[in-house]
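Here are a few notes to read alongside the structure. Keep the viewer open and go through them one by one.

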Amino acid sequence: MSVSVEEVDRWDAGDLREVFHATRTRAEAAFEAADGVSNLPAFDTWGGAASDAAREAIGKTRKDLDAHGNEALAVARAASSAADDVEQVKSDLAKLRSDAHRLGMVVDPVGNTVEPGPADTRAAPMEIVLKQMQLQKRLDTILADAARVDAELARAIDMAIGNEPIPDAGPPVGLPAVPPRETNPTDVRKWWDGLTPAQRDDLARYRPAEIGNLDGVPSAVREHVNAARLPGEIGTAQATVDALNAHPVGRPNPSQLDAREAGRNKLADLQQLQTTLRNHPGVGLLLLDTTSNPKNVLAAVASGDVDDAKQVGVTVGGMTTNVRGSVDGMTGEIIAQRDQAVELRQLAGGVTNPDAVATIAWLGYEAPGMNPDVADDAMAKAGAGPLNHFLQGVGATTNVPNQELTAFGHSYGSLTTSLALQAGGAPVDNVVLYGSPGGELSDASQLGVAPGRAYFMDGVTDGVPTTIANLGSFGAPLSEVPGFTELSVNSGAGLPAPYGDGQWHERAYGHSEYPRFGDNGELRMSGYNMAAVLAGLPDDTIAPPQNLPPPTIPLGPRGFPVPNPDYHP
Amino acid sequence: MTARRRTLAVVLTALTSVAVPSCVKDTAVNPYAAPDHTESDRLQKIVNDRPDLEVAQHELADLDGQIRTVVTRISPETAIGPSTPKPDHGCSDPFTHSIGDTVTIEKVYARPAPSDEQWRAITDALTPILTAAAFQANTPPGVTPPAGTFAWVSDDGSTVELIHNAGSVLAYGYSTGCRLPSAWRTDPPPADRRPADDSNVHYPYLYEPPGGRNG
């Protein structure tokens, strides 16, 4: 069907943009409703036959809402594309008119021809014919484009009013390519900032695994995308386990056994993440990587608004840490750490935005189990690169000009943290290593933090930072490395406000108690000190007590050591 | 024996000697490991023996009202925001792996803080109230907390705390500690609150007879 110049003149791209915005809003509302329906907590706790029926109905409702959203999205894309094309046709026509005017010619809007203008009637006939030939060819091309655009627009309208079926939306044509995961997070941030809102939405919808795990993408976007991915990832992992169970192998070989174990482990990792997010509303899933590691899901969870926080802490677990076994405990700990840091900042008085604290539990590497791997630094070295990159990502996405970032590393995770910081480039201001078997460094300055900003803690009776560290497998014990400041793990009270909370904090004994609560419901002294560093309030930290009585005293003529009744560390 | 094997053997021996004082306990080296069944049962019995969560909630809500009344009467200019329960479920150390729940309010930061004189009057007025409710100072025997810290704990795990920074802020919060909701004594917890490896749990949630846990 042909289109006249007169009709093109009446076209308005603005009207089409309105259609685009209206239908896009409709699509987003439908997707949001679908997400909301799928996450209704009632259907997680409701049991029995009625709940099965309800789940089935909810599943159908979700699919309907998703389908509706996809239809609205398809119409939105058609309207957006038509608006772009209309602007192009009108621009080409305006350029043609300008060129024609310069040559003394005009475009006839009704006849769709190029004619001599009033001032050009006395020109030589051959000259007029040559000008007409040149310009008419361009006008015909423009009108052919206009006819194509008109057809596309008609199709969009037919889709919108239901006269034509809407094809499966799929990724929109021209979706920007996502940078590789190893891209510098600062460059990723610039790339993200350069996208239009519609492009960001499309990438989050059609490239969620890449966007959700890309350091440099704003944390809120990653958390939203990864939370939405989680049910699908659980479904995929469950299907994998079901398939393996449905086809049992008589005598499986080692690789088949590994695949079976990996399938079960990854499903358990994902299910535990779902449970943890449900038990701790408000906690975000900053990393959900189901593919990089063959055995485990890698993840990071965050408490607080990471990108708008003035103080941010990242905790790395050590030996035996994995998502299925550790993420729930670590999440409770980062929440407690954040709460304590906020309280110290509130009590300090005069602190701007005292609540602007965020904490992250990073389970983004494979930590050794209780096996020979723990005697080797290979896993720490393998984890150091991703950790360094992640920390750079936190720095790249912050909206706070003077964000203060603290790295916490426990046990083998302290070695991973140390190696990550020694690689350079991570914008870390403070580091606290605790229960450390060693950091493979000879001076704290190698960590890249200012003097006095590197801390360590050795738990009462913890053999890892003493007995094991003294073996020297991972360098000297941190207590012997110049430049480190030791923090107390012993029972005692915090300083009174404004330099502390004045609360009693019990000692941290053994290798596992550092971030935990004591029997009195308060963080242990080690946890309190970590919160003080996180809070950016080093004056609130407690130093180890001086002149402690010896833990044992000699008894009898041979001096047999027995526990000292006055030793209360 | 190569040097590497020797190092490995030494490390593992040392690790074992540290982690295994008398018998293997995962919790010695893994902060997130579940305690063994004996320890789990010991902790669960503590939770089971405490009054129900709703009872503690009611008691703390009553104390909350009295604390607010006292603060407002003595320091009327101090504005105390509402007591809002935290959204988190479950229990914290040492009851992380126990069956139970906790109600803790978001910390309230009241401003302007009472003067030192008003603060003394507030703590003097609250001490008999908390003592009557079977609370005691949350410090070891013989330890006197700093003047600005007024932290109390009940025998069954509830805590109340007020921390004062004169001229700046008064921090206030309370928690029930880990307890059983009353319904969990007669019916199992909701499906999403049961351990992932033990979906058939039921009261009294013990590994030993009369049972209730198998995971």
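**Notes on a predicted model**

1. Start with helix α11 of chain A, residues 323-348, in this predicted model. The helix has 26 residues and spans 35 Å from its first C-alpha to its last, close to the 38 Å expected at 1.5 Å a residue. α11(A) is also mostly covered, with 26 of its 26 residues buried.

2. Now look at where the two chains meet. Chain A puts 48 residues into the contact and chain B puts in 47. On the chain A side, α3 (42-45), α10 (254-279), α11 and α14 (464-468) each supply at least two residues. Which of them gives the most? That's α11(A), with 9 residues. Sorted by class, the chain A side has 17 nonpolar, 25 polar and 6 charged residues.

3. A bit of background for the next two points: most residues other than glycine have a negative phi, and most peptide bonds are trans.

4. Two residues to check for phi. Asn353(A) has a positive phi near 45°, and sits in the loop between α11 and β6 (357-363) of chain A. Asn353(A) counts as exposed because it has 12 C-beta neighbours inside 10 Å. Tyr205(B) has a positive phi of about 60° and lies in the segment after β5 of chain B. Tyr205(B) is buried, with 26 other C-beta atoms within 10 Å.

5. Finally, the cis bonds in chain B. Arg111(B) to Pro112(B) is cis, omega near -10°, and Pro112(B) is in the loop between β1 (108-110) and α4 (116-132). Pro209(B) and Pro210(B) are also joined by a cis peptide bond, omega about 5°; Pro210(B) lies in the segment after β5 (169-175).

How values were computed: Residues numbered from 1 in each chain as written. Chains lettered and ligands numbered in written order. Predicted model: local features only at pLDDT ≥ 70, side-chain atom pairs only at ≥ 80, totals over all residues. Helix = DSSP H or I, 4+ residues; strand = E, 2+ residues; numbered from the N terminus. Expected span 1.5 Å × (residues − 1). Buried ≥ 20, exposed ≤ 12 C-beta atoms within 10 Å, placed from the backbone. Contact = placed C-beta atoms within 7 Å. Nonpolar A, V, L, I, M, F, W, Y, C, P; charged D, E, K, R; others polar.
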